[in-house]
Amino acid sequence: MAGEWLAENRCIELHSPDGIHSCILRAMDPQEATTWFNALHSAIGKSTQKALLDANRALVSIIGELKHIGWLSRRSGGEQNGRSSSESSDELDKWQSIFVAVTDRELRLYESAPWSVEAWSRPFESCPLVATRLAGAGNTSTVGSNSSTHSSVFCIRCGTTRGVVSHWLRSETNRDMAAWARVLVQGCHNAIICQREFSFRCLFQGRPCQLIVHLDRGFTLLDSGLGPASKALWTFPFDKLKGSADDGNKLLYLDFSGTEDGAELELDMECCPKPVVFVLHNCLSAKVHSLA
């Protein structure tokens with residue numbers, strides 16, 4: 001019966017903040033359902049903004065400043081290392097409600113709305129914004145859903161030492177999706193601008209080194225050998241980079257060919273190179289955005 005109601009666009013599904021309780025309200029017709037949805041959605045939005053202000057008073061010194069919070073639906077399965085989940089299409093059509101927070105440093109995912117400082121400190125997954133990218137947006141048909149309805153869907157990709165982790169997230173309205181997209185893009189840029197310099201351990205021609213990516217100075221490779229000071233083996237600004245690539249395993253390639261003393265350089269990052277790749281892309285994006 002519930003499936004019939006939903007197909008008629010006459011139902012509103014409500015969930016409690018702890019994720020335990022839920023109910024379905026049936027309106028007389030789709031117009032009345034839309035009116036109730038808009039009213040409830042507006043009231044929830046105002047309550048969420050008040051909750052964000054209250055939470056920041058207690059949390060800013062613990063997890064950083066909260067920039068945006070709210071409920072989204074997360075698709076089951078997902079992708080890692082660019083490979084789709086092996087779950088069936090029916091499993092991939094399942095969406096789970098999660099509570100999402102964007103701080104000045106991280107994207108944090110919770111199974112339910114945190115009710116205490118301890119709960120805020122324990123997301124089931126978190127991603128540093130400097131290694132997070134907004135990868136796409138559309139509707140449920142974009143991600144191969146079998147649903148007959150089309151909701152606002154966007155994809156977030158996180159570069160981790162175990163590969164690229166993708167999260168397909170669904171918002172209730174296009175306006176919500178635009179707000180999340182704006183917060184994520186601005187958050188990634190601001191996190192890059194705030195930190196400015198990023199250091200990664202690596203091997204270059206068999207030598208232990210440290211790759212420094214700096215928002216203003218570009219790339220510097222330091223020799224990590226014994227000695228009072230690290231020696232710079234090479235340095236290149238961002239505008240000398242012709243291209244970059246990686247093998248998804250541990251090798252990173254930076255192409256500075258065509259410049260004086262330039263070449264295609266191979267670095268062994270000793271783990272998946274995706275974090276440095278995502279930091280590099282966010283640095284370039286932040287620099288371009290600053291020129292707009």
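## The second largest pocket

In this predicted model, the second largest pocket holds about 350 Å³ of space. A pocket is an open set of points on a 1 Å grid where a 1.4 Å probe fits, with protein on both sides within 12 Å along at least five of seven lines, and lining residues have an atom within 4 Å of a point. Of its 21 lining residues, D104, R105, L129, G187 and A191 are the closest to the centre.

Helix α5 gives the largest share of this lining, seven residues, and β6 (95–103), β12 (197–204) and α6 also give two or more each. Domain 2 (62–77 + 94–138 + 152–195) and domain 3 (197–291) each supply at least three lining residues, the domain bounds coming from an automatic or database assignment.

## Packing of α5 and α6

Helices α5 (residues 174–195) and α6 (residues 274–291) pack at about 95°, with axes 9 Å apart; they are therefore roughly perpendicular, a term for angles of 65 to 115 degrees. In α5, C188, H189 and I192 meet residues of α6 including V279, N282 and H289, where contact means heavy atoms within 4.5 Å.

## Basis of the values

Residues are numbered from 1 along each chain. Local features need pLDDT of at least 70, side-chain atom pairs count only at pLDDT 80 or more, totals for chains, interfaces and linings use all residues, and side-chain values use heavy atoms, without hydrogens and water.

Key: Axes fitted to C-alpha atoms, helices over the stretch in contact; angles between N-to-C directions. Helix = DSSP H or I, 4+ residues; strand = E, 2+ residues; numbered from the N terminus. Parallel < 35°, antiparallel > 145°, perpendicular 65-115°, else oblique. Points joined across faces, edges and corners; volume = space filled by probe spheres on them.
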